[in-house]
Amino acid sequence: MSSLPFLLDEDVPEFLADELVRLEPAVTTLQVGMEGAPSKGMKDPQLLIYAEQNRLTLVSMDKRTMPTHLAEHFLQARNTWGVFLLRQGFPIARYGEDLILIWSSLADQDLEDNTLYLPLQ
């Protein structure tokens, strides 16, 4: 089981955090813009660095630009603790179930530098 907290990007609906805790009370979730998390408006490259430095698994719906930022992040010899890109048009419960399935099934090192699109197909 992973011990890594999730960091939900500001483009992720806030109620996904509630869904994650409902499904698994042991999970820690931060949302951009909330106390203890990066402020809203933080650019994706800085958000990736923040997540890396704070051992957070990033969850984003930004499939348009995040892959480019991730490639640049890796070119700078940086790492991630996992990035999940959410495909639009699915119920929040589906995202939550997949995130908790992965979180509960994998160890921290299994998530390192991995990028997955959710929901799982």
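I looked up serine 60 to begin with, and serine 60 stands opposite leucine 85 in β4. I noted how elements are named: helices (H or I, at least four residues) and strands (E, at least two) are DSSP runs, numbered from the N terminus. The model is predicted, so I kept its limits in mind: local features need pLDDT of at least 70, side-chain atom pairs count only at pLDDT 80 or more, and totals for chains, interfaces and linings use all residues. Residues are numbered from 1 along each chain as its sequence is written, and side-chain values use heavy atoms, with hydrogens and water left out.

**Strands**

I checked which strands pair; a pair needs at least two bridges found between them by DSSP. β3 and β4 run parallel and are joined by 3 bridges. β1 and β3 also run parallel, joined by 3 bridges. On that side I found phenylalanine 6 opposite threonine 57 in β3.

I then followed the chain from β3 to β4. With helix α3 (residues 66-75), these two strands make a right-handed β-α-β unit. Right-handed means that, with the strands pointing away from the viewer, the path from the first strand over the helix to the second runs clockwise.

Which way do the residues of β3 point? From this strand (residues 57-60), Thr57 and Val59 point one way, while Leu58 and Ser60 point the other way. All four are buried, that is, under 20% relative accessible area; exposed is over 50% and partly exposed is in between (1.4 Å probe, protein chains only).

**Cores**

I searched for nonpolar cores, meaning sets of buried Ala, Val, Leu, Ile, Met, Phe, Trp, Tyr and Cys residues joined through side-chain atoms within 4.5 Å. The largest has 21 residues, and Phe6, Leu16 and Val59 touch the most other members. β1 (6-8), α1 (15-23), β4 (83-86) and α4 (92-105) each give two or more residues to this core. The largest share, 6 residues, comes from α4. A second, separate core has 12 residues, among them Leu47, Leu56, Leu58 and Met66.

I listed the contacts of phenylalanine 6 (heavy atoms within 4.5 Å). Leaving out residues up to four places away in sequence, phenylalanine 6 touches residues including Leu20, Val59, Phe84, Leu99 and Trp103.

**Rings**

How many aromatic pairs are there in the whole structure? The search finds 2. One of them joins phenylalanine 90 and tyrosine 95, edge-to-face, at 6.4 Å centre to centre and 70 degrees between the planes. Rings of Phe, Tyr and Trp (its six-membered ring) pair if their centres lie within 6.5 Å; planes under 30 degrees apart count as stacked, over 60 as edge-to-face and the rest as tilted. Phenylalanine 90 is partly exposed, at 31% relative accessibility. Tyrosine 95 is buried, at 2%.

I also found arginine 55 over the face of tryptophan 81, at 4.1 Å from the ring centre. The test asks for NZ of Lys or CZ of Arg within 6 Å of the ring centre and within 35 degrees of the ring normal.

**Backbone**

Arginine 55 came up again, with a positive phi near 55 degrees in a residue other than glycine. Arginine 55 sits in the loop between α2 (44-53) and β3. At 38% relative accessibility, arginine 55 is partly exposed.

Aspartate 113 has a positive phi too, near 65 degrees. I placed aspartate 113 in the loop between α5 (108-111) and β5.

Last, I checked a cis peptide bond, from leucine 118 to proline 119, with omega near 5 degrees. Proline 119 is in the segment after β5 (115-118).
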